[in-house]
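Reader: Could you take me on a close look at one part of this model, the sheets and what packs on them? I'd enjoy one connected walk through it.

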Amino acid sequence: LETLFDEVEINYIGDRYAPLKISPHDEVVATVWYSAYFAKKIMSLLKEKPFLYLIQDYEAAFYPYNSLYALAHETYNFNYHAIVSTKTLLNFMRNRVSHFNNLYLENKAIYFNNACSAKLSDKNTFLKKHNKKTKKLAFYSRPSVNRNMFELGALALIKAWQEGYFDSGHNWELYGIGIGNVEIYLSERDKLTQLPRMSLNEYEEKIGEFDICLSLMASPHPSITPFDLAGIGALVVTNSFENKGDDYFNEITDNIIVSEPTIDSIANAIKSAIKRVDDLDTRYSNANKMNYPRNWNNVWSLDHKNFVKNIFGAPNCN
């Protein structure tokens, strides 16, 4: 994406300042539910052609049962072809939206598993970095994004701390990733250290320090953070959801511990991770065997390229 804005023409229409000019050769990609309404309008003027819908989550669930929920859900019944982020989300969409399931059966919906940012070091480097008395936990959450369940994760961490689960003979350092300026006090004196916003390169370097990660997601999409951390040898506590549980995560890696989304269950899962934290050989082995892509070259296949070409056809050079 580094050269994207040198190669494509950008026309911002968010302010509705002027009409958007289109041509019969245009194609449209919608990347979020409200952009699907723009896509539907544009394509309706171009002989009712389907647009390409990049479905990154079941976005209707971002809202209570209200107007926005209904408007978001409606988009999945539009005229489109879909590329869906992760197989488990695709299966969820098939079960939730009959129109989407029909598209899938007609080969008009395909999935990809987002490549994670898990750059596993060699084993000697890993052992040297983690064979220490000081252990580090990362709590990944975004308080402004409801599906990351910030409050539930924070309460579970506090419970685990106050129940003495961290009294394991280690020196524990707890960090917050993505939590912004929100402070989490574990006791009157102890609190999480907030990490600043990082670039991708900084993030990939930093996560190699952690032994445990708590990362929750109240949606059918698994999030990619659990795979980022599990793939570099950390033990990851995440939650189950309607379509994702032990069976789903265990097929990917044994470095992920799946919990029911309750305070007690998450706290107990953290306790289980703490008990396993010194088994560095198994942590490394599980990371090395993780069945999830680490490289986009292993994700974006000829099937995906042909899928897009079948929708948009050959570029028009006139």
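Author: Happy to! In this predicted model, six strands make up an open sheet with parallel pairing, ordered S7-S6-S5-S8-S9-S10. Strand S7 (193-194) and strand S10 (256-259) stand at the edges; each has a single partner strand, so one side of each has no neighbour in the sheet. At the S10 end, four bridges pair S10 with strand S9 (residues 235-239) in the parallel sense, and here Thr238 sits opposite Val258 of S10. Helix H11 (residues 263-276) packs on this sheet, where it touches strand S6 (171-177), strand S8 (212-215), S9 and S10. The direction of H11 makes about 160° with that of S10.

Now to the other open sheet, where four strands follow the order S1-S2-S3-S4, again with parallel pairing. Its edge strands, strand S1 (29-30) and strand S4 (109-112), each pair on one side only. Within it, strand S2 (residues 51-55) runs parallel to S3 and is joined to S3 by five bridges; Leu54 stands opposite Ile83 in S3. Helix H2 (residues 33-44) packs on the sheet through S1 and S2, and its direction makes about 175° with that of S2. Helix H4, in turn, lies across S2, S3 and S4 and runs at about 150° to S4.

Thr86 has a relative accessible area of 0%, so it counts as buried. Leaving aside residues up to four places away in sequence, Thr86 touches Tyr111, Phe112, Asn113, Asn114, His221, Pro222 and Tyr292.

Terms used:
Residues numbered from 1 in each chain as written. Predicted model: local features only at pLDDT ≥ 70, side-chain atom pairs only at ≥ 80, totals over all residues. Heavy atoms only, no water. Buried < 20%, exposed > 50% of the residue type's maximum accessible area, 1.4 Å probe, protein only. Contact = heavy atoms within 4.5 Å. Pairing = 2+ DSSP bridges. Helix = DSSP H or I, 4+ residues; strand = E, 2+ residues; numbered from the N terminus. Axes fitted to C-alpha atoms, helices over the stretch in contact; angles between N-to-C directions.
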